[in-house]
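User: Hi! I'm new to reading protein models, and I'd like to walk through one with you. Could you help me make sense of what I'm looking at?

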Amino acid sequence: MAETNNILSILEGYTLSNPDEIAREIANDFRKRRIEKNLPRKQVAEQAGVAVSNIVRFEQKGLISLKNLIGIAMALGYTSELKAIFAQPKYSTMEELTQIRKNQNKKKAHRV
């Protein structure tokens with residue numbers, strides 16, 4: 001049984017997350033970083049230009065607007081990491097890479 005639990009815990013890291021799980025993970029990581037820097041919510045809110053209630057809701061439920069997320073990322077010094085989120089193309093096959101290269105200079109996508 002212990003061996004099964006070990007395998008399950010390893011596989012857990014490879015499961016696909018849904019948007020709610022990802023939001024909660026980001027919120028938990030934010031909370032850890034905020035606490036590591038010994039920053040109370042009120043101070044982060046003031047630096048970010050957001051209401052404390054937005055930070056509370058984010059930490060508890062993973063809910064936040066993109067604008068407020070950018071504000072708190074800036075307040076904690078994570079601007080470049082956030083700006084880089086879609087900076088590089090991602091692909092998993094050579095076919096995708098070929099398609100990306102073909103479409104690099106296009107301004108909009110067309111229906112298939």
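**A chat about the helices**

Analyst: Happy to! Let's begin at one helix end: Asn-18 caps the N-terminal end of helix 2, with a side-chain oxygen 2.9 Å from the backbone nitrogen of Asp-20. Keep in mind that this is a predicted model.

User: Okay, and how many helices and strands are there in the chain?

Analyst: The chain has seven helices and zero strands.

User: Back to helix 2, then. How many residues does it have, and how far does it reach?

Analyst: Helix 2 covers residues 19-36, which is 18 residues, and it reaches 26 Å from its first C-alpha to its last. That is close to the 26 Å expected at 1.5 Å a residue.

User: Which residues of helix 2 are buried?

Analyst: Ala-23, Ala-27, Phe-30 and Arg-34 are the buried ones in helix 2. They sit on the same side of helix 2, because they cover an arc of only 60° around the axis.

User: What covers them?

Analyst: The cover over the buried residues of helix 2 includes helix 3 (41-48), helix 4 (52-61) and helix 5 (66-76).

User: Nice. And what comes just after helix 2?

Analyst: There you find Asn-38, which takes a positive phi of about 60°. Just after helix 3, Gly-49 also has a positive phi, of about 75°.

User: Let's switch to helix 3. Which of its residues are buried?

Analyst: Val-44, Ala-45 and Ala-48 are buried in helix 3. Seen down the axis, the buried residues of helix 3 fall within an arc of 100°, so they line one face of the helix. They pack against helix 2, helix 4 and helix 5.

User: Which exposed residues are on the face turned away from that buried side?

Analyst: That face of helix 3 carries Lys-42 and Glu-46, which are exposed.

User: Last topic: how many residues make up the largest nonpolar core?

Analyst: Eleven in all, among them Ala-27, Phe-30, Val-44, Phe-58 and Leu-76. Helix 2, helix 3, helix 4 and helix 5 are the elements that give two or more residues to this core. The largest share, three residues, comes from helix 3.

User: And how much of the chain counts as buried?

Analyst: Of its 112 residues, 18% count as buried. The accessible surface of the chain comes to about 9,500 Å², and 54% of that belongs to carbon and sulfur atoms.

Definitions and conventions
Residues numbered from 1 in each chain as written. Predicted model: local features only at pLDDT ≥ 70, side-chain atom pairs only at ≥ 80, totals over all residues. Heavy atoms only, no water. Helix = DSSP H or I, 4+ residues; strand = E, 2+ residues; numbered from the N terminus. Expected span 1.5 Å × (residues − 1). Buried < 20%, exposed > 50% of the residue type's maximum accessible area, 1.4 Å probe, protein only. Arc of directions from axis to C-beta. Contact = heavy atoms within 4.5 Å. Polar contact = N/O pair within 3.5 Å; in protein donor to acceptor, adjacent residues only side chain to side chain. Core = buried A, V, L, I, M, F, W, Y, C linked by side-chain atoms within 4.5 Å. Areas by Shrake-Rupley, 256 points an atom, 1.4 Å probe, with all protein chains shown as cover.
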